[in-house]
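Let's take a walk through this one together, ligands included. Keep the 3D view open as you read.

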Amino acid sequence: MQIYVCVKHVPDTAANIKITGNDSFDDTTCKFVINPYDEYGLEEAVQLVEKQGQGEVVAVTVGKEAAMASIRSAMALGAHRGILVKTDSQFLSSTLTARALKAAIEQDGAPDIIFTGKGSVDTEGFQTQYRLAAAMDMAVVNEVVDLKIDNGQAIVEKEIGSGSREVLKMKLPCVIGATKGLNIPRYPKFPDIMKAKKKPVKETDIASLGLESLPDRVELLNLEAMPERSDAKMLEGDVKETVTELIRILKEDQKVL
Amino acid sequence: MAKVGVLIEIENGEVKETEFSVLTAACGDGGNEVFAIVTPENTDAAASVLAEYGANKIVHVVSQGGDIKVSPDLEARVLAEAVKKFELDMLLGLASAKGRDLFARMAAFMDVPLVSDCTGIDLDTKTVRKSHFSGKTVATLKLESELFLCTIRPNAIEARKTPVQTQTVIFEALAADPGLTKIIDVKESAGGNVDLTEASIIITGGRPIDSSENYKMLDECAAQLGESTAVGASRAAVDAGFAPHSMQVGQTGKTVSPKLYIGCGLSGSVQHFAGMKTSKVIVAINTDKDAPIFAKCDYGIIADMFDVVPMLTQVLKEQGE
Ligand SMILES: Cc1cc2nc3c(=O)[nH]c(=O)nc-3n(C[C@H](O)[C@H](O)[C@H](O)COP(=O)(O)OP(=O)(O)OC[C@H]3O[C@@H](n4cnc5c(N)ncnc54)[C@H](O)[C@@H]3O)c2cc1C
Ligand SMILES: Nc1ncnc2c1ncn2[C@@H]1O[C@H](COP(=O)(O)O)[C@@H](O)[C@H]1O
């Protein structure tokens with residue numbers, strides 16, 4: 001099976017985001033990782049190939065030169081090769097990203113499955129996988145927590161609120177957006193990290209993919225720190241009195257009860 | 001004046017309460033023409049409640065090309081047809097499980113911009129606000145497009161009644177099913193609880209809950225807190241096997257924005273806050289006065305949750321009687 005996994009190079013969720021200017025952040029001081037949801041897709045891809053004893057997993061990313069680090073991590077986690085499509089912006093439109101992913105994948109081979117994460121934790125766009133699938137005329141299901149491949153078909157489950165699940169069927173090749181619950185991603189072992197350094201990575205510039213230029217239809221005007229709460233009111237004393245006071249506040253002052 | 005569509009989700013025969021804020025967003029400062037788009041068979045009750053929140057037109061979309069209940073791709077195409085037919089300038093919906101999927105499908109199929117999970121929207125300036133970097137920053141985005149789609153985080157915008165005269169029209173969509181994906185089964189959860197992402201009150205138990213049985217204590221309290229209350233869990237509690245993943249709040253769990261969030265035995269990790277920091281009021285119960293959560297909540301109680309929660313249940317019960 002030929003499997004492509006789209007991985008995005010994103011700031012670690014625990015990293016402090018230092019905003020610079022109106023619409024950018026300092027990406028030189030914060031730690032970057034593979035987008036956490038993409039790791040579930042990667043793990044699933046690697047397990048599928050391991051189970052079948054044949055096939056190839058290729059990690060694809062569209063990002064800055066530094067995104068090479070996430071390709072290397074993906075290879076340490078089991079991907080056989082990598083493709084880096086270079087751009088100079090972290091905030092690329094999802095339409096352009098999807099077109100770049102499509103072009104890079106099609107240049108490389110014929111996918112049986114393309115995995116993505118359910119969404120990226122930096123821009124929280126939640127749509128690149130759908131645009132990629134539409135561009136490639138493939139079926140897509142996102143937020144997948146269970147996958148079975150059977151006779152050229154994928155049977156997937158996704159959560160649809162309060163624990164209920166929808167079961168969907170689609171033909172391969174298809175796009176699958178992975179999320180927590182699908183599997184438990186492995187930790188890279190030292191020898192795998194060393195081996196990953198020798199695995200091949202194709203580098204291309206996004207400009208060389210021959211994508212038609214398209215206007216940015218969503219413009220980032222401003223980025224600001226989320227206002228933090230501070231000065232919590234502390235309630236103390238006898239438990240019953242404290243709780244009674246809390247209920248009064250929630251009812252009368254805050255009007256949320 | 002803009003023509004604004006709102007995709008209405010109906011649950012158990014009634015319009016979801018979280019839709020009211022989406023309708024409020026669609027009304028803006030007034031002057032917009034608001035189209036409530038309804039796909040399943042409607043009840044008459046829906047019409048009056050939609051009118052109360054400003055829907056000028058109710059559009060019943062009927063699919064002639066197949067059963068939208070089993071084909072999300074067909075549903076997206078049917079809605080796209082309605083958007084074209086009524087020449088809408090934008091379509092808004094909930095960032096619910098259904099909305100997240102359907103809007104992304106539509107955006108991809110129609111090749112129009114989509115902003116997911118908005119926490120604020122200004123239709124005059126065509127700007128929206130949404131979280132970037134898991135709740136650490138807020139981005140303001142401008143939509144430069146004739147037509148665009150937005151999903152709105154449940155409860156993020158305060159609903160406001162703006163009663164209008166409404167008119168119902170039926171639209172028969174002809175779109176055909178591309179036959180890409182098919183829903184073959186729905187596994188209902190045993191609990192049948194309120195959906196976390198749309199609950200207006202959430203009470204969450206962290207690692208010190210210590211067992212799945214102890215969540216009953218939170219269930220009992222939730223029952224007293226009101227109808228739209230859900231029980232959540234931290235990842236530490238989920239990973240320890242005390243709660244299913246569907247209950248997890250946070251960066252790798254659900255993103256929620258209730259009116260009231262009560263965190264019991266939560267340290268206040270960045271990843272947990274990524275999923276709930278836009279809640280209106282946050283209450284924390286923790287035994288450790290130095291717990292980080294006390295630096296980012298509105299009200300703090302330094303005490304054992306096994307004392308506080310049953311007392312909260314008891315006092316609410318007494319007051320309710
Ligand atoms: C990539 C990544 C993603 C993650 N995603 C998530 C996520 O989606 N959601 C999430 O929740 N976490 C997530 N985490 C984990 C997160 O970092 C924390 O480890 C986790 O949230 C801690 O859970 P907790 O607050 O329940 O437990 P703890 O950190 O153990 O805190 C327990 C707190 O309870 C207090 N306490 C103890 N006993 C009592 C008592 N009887 N009564 C009252 N208070 C008591 C303690 O003082 C302590 O402050 C993620 C981590 C990573 C690295
Ligand atoms: N620049 C990128 N490079 C590779 N994959 C990406 C990129 N952007 C998004 N993706 C994939 O698409 C998914 C959804 O991204 P988004 O639409 O940004 O939330 C992510 O989980 C990734 O798998």
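This is a predicted model: local features need pLDDT of at least 70, side-chain atom pairs count only at pLDDT 80 or more; totals for chains, interfaces and linings use all residues.

Residues are numbered from 1 along each chain as its sequence is written, chains are lettered from A and ligands numbered from 1 in the order in which they are written, and side-chain values use heavy atoms, with hydrogens and water left out.

Start with ligand 2, in chain A. Its shell holds 20 residues, and the closest are A:D38, A:V62, A:S120, A:F126 and A:T128; a residue belongs if one of its heavy atoms lies within 4 Å of the ligand. Now look for polar contacts, meaning pairs of N or O atoms within 3.5 Å (within protein, one must be able to donate a hydrogen and the other to accept it, and residues adjacent in sequence count only if both atoms are side-chain atoms). The side chain of A:T128 puts a polar atom 2.7 Å from an oxygen of ligand 2. A:N35 also uses a polar side-chain atom, at 3.2 Å from a ligand oxygen, while A:Q127 uses a polar backbone atom, at 3.0 Å. On its own, ligand 2 exposes 480 Å², and the protein buries 97% of that; these areas come from the Shrake-Rupley method with a 1.4 Å probe, and for residues only the protein chains shown count as cover.

Which elements give two or more residues to this shell? They are strand 6 (56–63), helix 3 (94–108), strand 8 (113–117) and helix 4 of chain A, and strand 6 gives the most, with 3 residues. Helices (H or I, at least four residues) and strands (E, at least two) are DSSP runs, numbered from the N terminus.

Over in chain B, ligand 1 has 27 residues around it, with B:R207, B:S234, B:T252, B:S267 and B:H272 coming nearest. The side chain of B:S234 brings an N or O atom to 2.5 Å from a ligand oxygen. Polar backbone atoms turn up here too: one from B:Q251 at 3.0 Å from an oxygen of ligand 1, and one from B:G253 at 3.4 Å from a ligand oxygen.

Buried means under 20% relative accessible area, exposed over 50%, and partly exposed in between (1.4 Å probe, protein chains only). After this helix comes B:E87, with a positive phi near 50 degrees.

Two other non-glycine residues have positive phi. A:D137, at about 60 degrees, sits in the loop between helix 4 (128–135) and strand 9 (139–150) of chain A and is exposed, at 66% relative accessible area. B:K126, near 55 degrees, is in the loop between strand 7 (114–122) and strand 8 (127–132) of chain B, and is partly exposed at 28%.

Finally, find the cis peptide bond joining A:L172 and A:P173, with omega about -5 degrees. A:P173 lies in the loop between strand 11 (165–171) and strand 12 (174–178) of chain A.
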